[in-house]
Amino acid sequence: MAAAQAPGAVGTPATPATAAAPGTVPAGVQNPQRAWQNWTLNCQGCHRPDGTGSDGTAPSLAGTVSKFLTVPGGREYLGRVPGVATSPFSNADLAELMNWMFWRFDKEHMPADFVPFTAEELGRLRTQPLRLEASQMRAALLQKAESAGVVAE
Ligand code: HEC
């Protein structure tokens with residue numbers, strides 16, 4: 001896995017998703033390297049290595065995903081969205097991956113009082129995976145985030 005060695009500047013679009021820069025460990029992440037590897041194994045096929053998504057397959061998480069943390073119901077949505085809820089990971093690994101994902105792909109929208117996901121919380125949410133209602137719920141939440149003035153700065 002050659003890309004695993006690429007140090008890469010975090011946040012540069014041309015750079016593949018990498019683990020945290022040396023010395024930085026995001027809240028709720030024990031092992032950024034493991035989180036990133038889990039991302040490459042199970043998520044980037046749809047969301048792409050840099051989280052920008054692919055038309056018709058998966059939305060962009062880059063610059064967007066943390067907005068869900070800012071609206072009521074958003075946290076639940078994130079834990080129940082099918083790609084997350086039905087992923088093959090243990091609750092602990094999934095929590096780590098999620099916490100890493102916000103930090104890696106949308107640090108700018110992370111709320112200042114962000115509380116990292118825990119294994120317990122995800123274990124609870126993922127027992128109720130969303131199905132067809134996911135896209136409707138997604139649109140409503142994003143609209144709420146926009147009207148609450150959560151914009152990129
Ligand atoms: C088969 C393609 C696919 C895979 C694999 C996949 N996703 Fe997704 N993901 C989607 C789609 C499509 C949506 C939009 C909601 C929906 O309709 O399910 C989504 C939505 C999301 C969201 C909610 C944010 C938003 O903008 O709606 C998060 C967070 C997310 N995915 C993370 C992950 C993670 C983490 C993994 C790996 C464990 C993963 N996804 C794997 C297709 C995928």
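**Talking through the ligand shell and the helices**

Modeller: Let's start with the ligand: 22 residues surround it, and the closest are C43, C46, A58, G83 and S87. Keep in mind that this is a predicted model.

Colleague: Which elements give two or more residues to that shell?

Modeller: Four helices do that: α2 (44-47), α4 (82-85), α5 (91-105) and α7 (134-147).

Colleague: On to Q37. Why is Q37 called partly exposed?

Modeller: Buried needs 20 or more other C-beta atoms within 10 Å, and exposed means 12 or fewer. Q37 has 15 such neighbours, so Q37 counts as partly exposed. Q37 is found in helix α1, residues 32-42. The C-alpha atoms of Q37 and L97 are 60 residues apart along the chain and separated by 9.2 Å.

Colleague: Why are α1 and α5 called roughly perpendicular?

Modeller: Their packing angle is about 90°, with the axes 9 Å apart. Angles of 65 to 115 degrees count as roughly perpendicular, and therefore α1 and α5 get that label.

Colleague: Which residues of α1 and α5 meet?

Modeller: From α1, P32, R34, A35, W36, N38 and W39 meet D93, E96, L97 and W100 of α5. By class, this contact has six nonpolar, one polar and three charged residues.

Colleague: What span is expected for α7?

Modeller: At 1.5 Å a residue, the 14 residues of α7 are expected to span 20 Å. From first C-alpha to last, α7 reaches 20 Å, close to that expectation. Just after α7, G149 takes a positive phi of about 80°.

Colleague: And the chain as a whole: how many helices and strands does the protein chain have?

Modeller: There are seven helices and zero strands, and along the sequence the pattern reads α-α-α-α-α-α-α.

Colleague: What share of the chain is buried?

Modeller: Buried residues make up 29% of the 153 residues.

Colleague: And what share of the contacts with a separation of 6 or more comes from residues 24 or more positions apart?

Modeller: Those residues account for 66% of such contacts in the protein chain.

Methods
Residues numbered from 1 in each chain as written. Predicted model: local features only at pLDDT ≥ 70, side-chain atom pairs only at ≥ 80, totals over all residues. Near = placed C-beta within 6 Å. Expected span 1.5 Å × (residues − 1). Axes fitted to C-alpha atoms, helices over the stretch in contact; angles between N-to-C directions. Parallel < 35°, antiparallel > 145°, perpendicular 65-115°, else oblique. Contact = placed C-beta atoms within 7 Å. Nonpolar A, V, L, I, M, F, W, Y, C, P; charged D, E, K, R; others polar.
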